[in-house]
Each structure stands twice: as structure tokens, then as C-alpha cells.
Amino acid sequence: MGERAQGLVEVGGGVGTPLKQIAKDAGVGIATLYRRFPTREQLDDATYRYETARLSAQAPGLLRKLPADRALRAWMSQVLDYLAAKHGMSDTLKTLLRSDEQLSSQTREQLTGAVEEFRLAGITQGVLREDVPSPGILMTPAGVTLVAGAVHQRAQAERLLDLLMDGITRADGWRGGMERSAP
């Protein structure tokens, strides 16, 4: 993807954001936007693919900086950021994923792979339970945004993710914001 097209995808926009505004925010003309993405659905598709790849690629860097449980929790906050930013696009994304089973499968595999990196590192470090599967962990941020996806509910969403961490960490458990070093 060219640099300008990538800029368009990074800007993306939500439902109701006029395409002219998206083009302006990306620093391109409306003609460039339409050349790269002739329909709104194609822009949404490219945005979703880009964000999925970006989120999936975060795992190794977070694991280099943080213990696995902290890295996973930080990553889930990034997923919440993405889902909150695209909250108005939920119907569009559902339609897109229903109509393109290959895209749905591919992106689910990418994100599950990222969660599996955190999970395996956490098991090795002794901070995450072995019996909790990656797909179950991955579903949680999406579920959280269904019940606490509005901007004013962010603190509640973060608490719900902390509850998940309590359930998937080893016996000594998750301690939320308390500092904890890797064993």
C-alpha cells in the first residue's frame, strides 16, 4: 500500500465522517481517496485490515518491555482504544465480516496469534494459567465494549478487563495497577 493510501487508512474515520473530511485529515484530495477506495466499504475494509495488523504486531514489543500479564493487559487497552474509536462502525464491521468469511477468519487468526504470544509467554513466566484458551481471552475486549463501550464508560471497561486478568492469572492473582515484577 502506498504511503498516501496508508495515511487514508490510518485516518479511517467513523460512521458519518464525511469522505471529504477523511481525505482532508489524511492530507489528500477527494479524488485520491476515490481512486484508492472507490466505495466507503473498501475504505472500511482496508482500515479494519490495517488496524488488525497493527494490533497484532504490538505483541513482541510489549513482551520485550513488560511481564506477559502486564503486556497482555496493556494490549487489551489498545484493543479497547481501537474498538471505542470505531464504536459507530460496529454495524459496518459486522456486515463486512459476515460478507467476507475469509477476512473474518484471517483477522481472527492474526489477533488470536497475538493473544497466544502473550499467553505462552505468561505460562513460561508463571503468571498466566495454562487452561485458558487464547480465543476466549480475545473475545473479552469486544464483549466489554458491548456493555461499556461509550467514552464515559472507559473506567468501567478497564475494571472489567482487570476482572478478566484476575481470572486468567496464576494463584497469586492480578493486582491491577500495583507494580509487579516478572518472576
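Which residues touch the most other members in the largest nonpolar core? In this predicted model, local features need pLDDT of at least 70 and side-chain atom pairs count only at pLDDT 80 or more, whereas totals for chains, interfaces and linings use all residues. Residues are numbered from 1 along each chain as its sequence is written, and side-chain values use heavy atoms, with hydrogens and water left out.

The protein has ten helices and zero strands, where helices (H or I, at least four residues) and strands (E, at least two) are DSSP runs numbered from the N terminus. Of its 183 residues, 42% count as buried, meaning under 20% relative accessible area, with exposed over 50% and partly exposed in between (1.4 Å probe, protein chains only).

To return to the opening question, L72, W75, M76, F118, I137 and I168 hold that place among the 28 residues of the core. A nonpolar core is a set of buried Ala, Val, Leu, Ile, Met, Phe, Trp, Tyr and Cys residues joined through side-chain atoms within 4.5 Å. Helix 6 gives the largest share of this core, eight residues. Beyond its neighbours within four places in sequence, M76 is in contact (heavy atoms within 4.5 Å) with I137, P141, L161, L164 and M165.

Helix 10 covers residues 154-168. Its buried residues are A157, E158, L161, L164, M165 and I168. Seen down the helix axis, these fall within an arc of 105°, so they line one face of helix 10; the arc is that of the directions from the axis to the C-beta atoms. On the face turned away from the buried side, helix 10 carries the exposed residues R159 and L163.

Notes:
The expected span of a helix is 1.5 Å times one less than its number of residues.
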